[in-house]
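Subject: Handing over a structure

Hi there,

I am passing this structure on to you, as promised. Please open it alongside this email and keep it in view while you read.

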Amino acid sequence: MEILDCTLRDGGYYTQWDFSQTLLLPYFAAMEALPVTMVEIGYRNHPGSGYYGRHYYTPVSLMQQARELMPSKQLALMLDEKSCPPDTLHLLLESCKGLVDMFRIAVAPNRLENALLMAEVIKSFNFKVGINLMYASTLTPDAPALNLISRMDGLVDALSLVDSYGAIYPDQLTALVKACLSKTQIPLGFHGHNNIELAFANCLAAIQAGCTIIDATVTGMGRGAGNLKTELLLTHVNKYNHIPVNFDVLSNVVNEFEKLRETYGWGTNLPYMVSGINSLPQKDVMDWVSKRYYSVQSIVRALHSQKDGHLERGKYPEFKPDTHCNRALIVGGGPSVKEHIDAVLTLVHRNPDVCIIHASAKNAQWFSGVSNRQYYCLVGNEGHRLEQAFQTLGNWQGDCILPPYPRKMGTFIPAAAQNRTFELPPPDNHLINRDSHTSLAIQTAMALHVNEVYIIGYDGYSGNVMGNLEQDLVAENNTLFRYAAEHFNTFKALTATRYNIEDQASVYQFTL
């Protein structure tokens, strides 16, 4: 059996394919010392938009470093079939001669014919060719794609079944492996994801059924819920196949990646389990779990909606206010609102024409009894927080505003608000995330034809608590605030903020 470690390629989904030299050096040293046959060090891609790191493009210098530090290992790179037409492959392959042993092609079952055309080009450059057939949990032994497998003999060096959704079961995988082996003589492999914690069980089933190549990653680092753990697979083969493993070396590299996991938090959880069991794409789940402030319940609701073939049940009347609002106070979720609530309430009591837009329901309770018009932006599970606040708000008044339909993120609407809930029309601007709380608040102000916008409760984060999630949120909100400053005649922060808002004032000036 051969072990293929693809940590740097699959784990790159968390780091934008950037890994520091302080991590790479012990990783390369460990791979050289451990009984791993092949190391996949990244993708090879054509130039595109957006930032992606070294292991997304894998320059020659990186290949040379990997070859120098892992001289006994075979090196592999991954190609994405969708973005690598056969007639452009030479641009990616030529400079890899003598540095890389294999190119693997990630391909969906319905596009397998294209991957075979790519394989012919790759073979002409004298590289080994691997096919990674994705979405294995959606395949059956009589699937049309499997009829093309017989054409791989003499062209493809390895075929790996990829459990992209982390959803396959051992008996289903066993039947699939046997069906493939009945059609080809080439080595078969398995690449498992761990959404429902069956990656290792499926690995054992694959080996038992005849697979001779198993993909794994250190600490399971990989897209979404992650992969089969290299350290678990090595521990298994050490005991049952009597393959020597240097556990000191293995422990050291695991410790290095555990530090990285503290930052990025890969591994399975309830949303990944739901997406896996229903064979749903991982991209949205990964974004919701790792980068956005959505509750687990909201994510699960959204996933069930996707499973049912739509984004979300329930279309609400479009928000078309019959009266406009010249001035608006947008209330964020920061603790500064409570700290300065006396001054804030003085402001709104003295200015009854100021409408209040709650970007978050966190501070809604402090506005109980306020006669100003109030709007509550509901994204995901925010309605539950508002429902809890109703008990404090007493005779609650106000309208709930939803993102435009259809909504990816399932949205909970309190029963008391069903008849006072509206949705915004699709935006005609470039707000980067129409499902974000701040974006929704700004769009609500635009729909009300507001001229002057004042914001409170956007405190920001100090440097010592700025994890990746907070950094993403800060960057997104700063982009929205720049847009708002250009759109409204006035856009001011009235409580202290760490966001990049140029025009700042004090809520206390309204108390004089």
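Below is what turned up, from the chain as a whole down to single residues.

A word on the ground rules comes before the findings. This is a predicted model, in which local features need pLDDT of at least 70 and side-chain atom pairs count only at pLDDT 80 or more, while totals for chains, interfaces and linings use all residues. Residues are numbered from 1 along each chain as its sequence is written, and side-chain values use heavy atoms, with hydrogens and water left out.

**The chain as a whole**

The protein chain has 19 helices and 15 strands. These are DSSP runs numbered from the N terminus (H or I of at least four residues for helices, E of at least two for strands). Of the 512 residues in the protein chain, 54% are buried. Here buried means under 20% relative accessible area, exposed means over 50%, and partly exposed is in between, with a 1.4 Å probe and protein chains only. Among contacts (heavy atoms within 4.5 Å) with a separation of 6 or more, 75% are between residues 24 or more positions apart.

**Two helices side by side**

Have a look at helix H8 (residues 170–181) and helix H9 (residues 199–209). Their axes come within 9 Å and cross at roughly 30 degrees. That makes H8 roughly parallel to H9. For these terms, axes are lines fitted to C-alpha atoms, for helices over the stretch in contact, and angles run from 0 to 180 degrees between N-to-C directions. Angles under 35 degrees count as roughly parallel, over 145 as roughly antiparallel, 65 to 115 as roughly perpendicular and the rest as oblique. The crossing of H8 and H9 is right-handed, meaning that the near helix is turned clockwise from the far one by less than a right angle.

On the H8 side, the contact is made by Pro170, Leu173, Thr174, Val177 and Leu181, and on the H9 side by Ala201, Asn202, Ala205, Ala206 and Ala209. Sorted by class, the contact of H8 with H9 has eight nonpolar, two polar and no charged residues. In this scheme Ala, Val, Leu, Ile, Met, Phe, Trp, Tyr, Cys and Pro are nonpolar, Asp, Glu, Lys and Arg are charged, and the others, Gly among them, are polar.

**Helix H10 and its neighbours**

In helix H10 (residues 230–240), the buried residues are Thr230, Glu231, Leu233, Leu234, His236 and Val237. The buried residues of H10 pack against strand E1 (2–5), H9, strand E8 (213–216) and H11. After H10 comes His242, with a positive phi near 60 degrees.

**Salt bridges**

A salt bridge here is a side-chain nitrogen of Lys or Arg within 4 Å of a carboxyl oxygen of Asp or Glu. The count by this rule comes to 13 salt bridges.

One of them joins Asp157 and Lys123, whose closest N and O atoms are 2.9 Å apart. Asp157 lies in the loop between strand E5 (128–133) and strand E6 (158–162) and Lys123 in helix H7 (residues 112–124), so this pair ties together parts that are 34 residues apart in sequence. Asp157 is partly exposed, at 27% relative accessible area.

Arg261 and Glu258 also meet in a salt bridge, at 2.7 Å from N to O. They are three residues apart in helix H11 (residues 247–264), and so are separated by about one helical turn.

Lys315 and Glu423 form another, with their closest N and O atoms 3.1 Å apart. Lys315 is in the loop between helix H14 (296–307) and strand E9 (327–331), and Glu423 is in strand E13 (residues 421–423), so that pair links distant parts of the chain, 108 residues apart. Lys315 counts as exposed at 60% relative accessibility, whereas Glu423 counts as buried at 3%. Salt bridges that share partners also join Arg9, Glu40, Arg104 and Asp215 into one network.

**Positive phi in two loops**

Most residues other than glycine have a negative phi. Asn126 has a positive phi near 65 degrees; Asn126 sits in the loop between H7 and E5 and counts as exposed at 73% relative accessibility. Tyr135, with a positive phi near 60 degrees, lies in the loop between E5 and E6 and is partly exposed at 27%.
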